[in-house]
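This report looks at the aromatic pairs and the nonpolar packing of one protein structure. Please view the structure first, then read on.

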Amino acid sequence: MRPMGVEREKYFLSLCLAGVSFLTLREKNILLKKLDSAAALALLSIDDIATLVGRTFRAAVWNGPSCVREAEKAERIIKAFGIETILNGEALYPALLSEAENAPFMLFCRGNASCLSGETVSVVGTRRMTREGKEAAFSFSRDAARNGVTVVSGLAYGIDASAHAGTEKNCGKTAAILPCGADMIVPSSHKRLAEKIIKTGGVLVSEYLPGVPAEAWRFVHRNRIIAALSPATVVVESPPGSGALITAQYALDYNRDVMIHEAAFSA
């Protein structure tokens with residue numbers, strides 16, 4: 001539970017800011033520092049916000065009261081699902097992730113968020129995997145889990161799911177980064193896998209307010225988190241145009257290691 005009083009006001013203000021997609025991390029922190037409540041945020045016009053953060057917004061859509069209502073809805077879901085919120089700068093916020101310039105303002109976690117603070121490795125690949133790719137993702141993640149490493153992936157079909165499944169066989173920890181609110185599972189057919197992730201000490205992670213649905217652009221946007229959470233990203237199988245290659249590029253941009261699994265060179 002978050003504290004009441006002044007700190008409670010700041011917490012709810014941070015929820016409101018987390019839902020504003022057109023603001024950067026730096027701009028959200030500016031508003032969090034300059035405003036004392038969500039009510040004050042709701043009274044601002046888009047021009048007021050531009051003045052406070054020092055940037056003009058040409059195509060941004062802003063409705064203060066609606067922003068507050070969405071945060072109220074999210075808070076109800078947070079309580080219902082037992083979702084943990086971690087603000088950028090708080091002790092539990094992953095140190096590696098905080099190094100990224102475009103790191104999330106807030107994380108919403110279901111499960112053991114502390115596993116993100118230990119040793120991690122990101123495993124990515126295509127949804128249309130081969131049998132060799134499936135076995136490679138599973139065995140690599142199994143071995144990583146045996147060594148106490150948290151495997152980070154995206155819960156998608158194919159390589160992602162195999163990577164998560166490999167850790168659970170050893171009751172290892174794995175983190176699934178979602179393209180939607182932490183109260184949802186995408187794809188829905190992976191609900192049982194998501195439950196196992198939580199039961200074995202892993203975590204489901206999102207930067208979006210609970211209640212926010214998955215959209216195409218969010219799948220790409222969440223890939224930067226997968227890359228930033230680990231010192232190394234392992235690409236198991238990834239044809240041209242695959243989202244896994246986007247994740248690999250993010251990792252390179254963050255000056256992280258990118259490794260190509262030998263399974264990627266199969267016929």
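A residue is called buried when its relative accessible area is under 20%, exposed when that value is over 50%, and partly exposed in between. The model described here is predicted. Tyrosine 208 has a relative accessibility of 9%, so tyrosine 208 counts as buried.

**Aromatic pairs**

How many aromatic pairs does a search of the whole structure find? The search finds four. A pair of aromatic rings is described by the distance of the centres and the angle of the planes. Two of these pairs are set out below.

| Ring pair | Distance of centres | Angle of planes | Class |
|---|---|---|---|
| Phenylalanine 22 and phenylalanine 57 | 5.0 Å | 65° | edge-to-face |
| Tyrosine 208 and tryptophan 217 | 6.2 Å | 85° | edge-to-face |

Planes over 60 degrees apart count as edge-to-face, which is why the pair of phenylalanine 22 and phenylalanine 57, at 65°, has that class. Phenylalanine 22 lies in the loop between helix 1 (5–18) and helix 2 (25–34), while phenylalanine 57 lies in the loop between helix 4 and helix 5 (64–81), so their pairing ties together parts that are 35 residues apart in sequence. Phenylalanine 22 and phenylalanine 57 are both buried. Ring pairs also bring in Trp62, giving a cluster of Phe22, Phe57 and Trp62.

In the other tabulated pair, the ring of tyrosine 208 has a further neighbour: the charged end of arginine 218 sits over this ring, 4.9 Å from its centre.

**Isoleucine 49**

Is isoleucine 49 buried or exposed? Its relative accessibility is 1%, so isoleucine 49 counts as buried. This residue belongs to helix 4, which covers residues 46–53. Leaving aside residues up to four places away in sequence, isoleucine 49 touches Leu23, Leu31, Leu44, Phe57 and Trp62. Two of these contacts, Phe57 and Trp62, are also members of the ring cluster. Glutamate 27 is 22 residues from isoleucine 49 along the chain, and the C-alpha atoms of the two are separated by 9.2 Å.

**Nonpolar cores**

The largest nonpolar core has 66 residues. Within this core, the residues with the most contacts are Leu15, Leu41 and Phe108. Which helix gives the most to this core? Helix 1 does, with seven residues. There is also a second, separate core of 12 residues, among them Ala144, Val149, Ala163 and Ala263.

Conventions. Residues numbered from 1 in each chain as written. Predicted model: local features only at pLDDT ≥ 70, side-chain atom pairs only at ≥ 80, totals over all residues. Heavy atoms only, no water. Helix = DSSP H or I, 4+ residues; strand = E, 2+ residues; numbered from the N terminus. Buried < 20%, exposed > 50% of the residue type's maximum accessible area, 1.4 Å probe, protein only. Contact = heavy atoms within 4.5 Å. Phe/Tyr/Trp six-rings, centres within 6.5 Å; stacked < 30°, edge-to-face > 60°. Lys NZ or Arg CZ within 6 Å of the ring centre and 35° of its normal. Core = buried A, V, L, I, M, F, W, Y, C linked by side-chain atoms within 4.5 Å.
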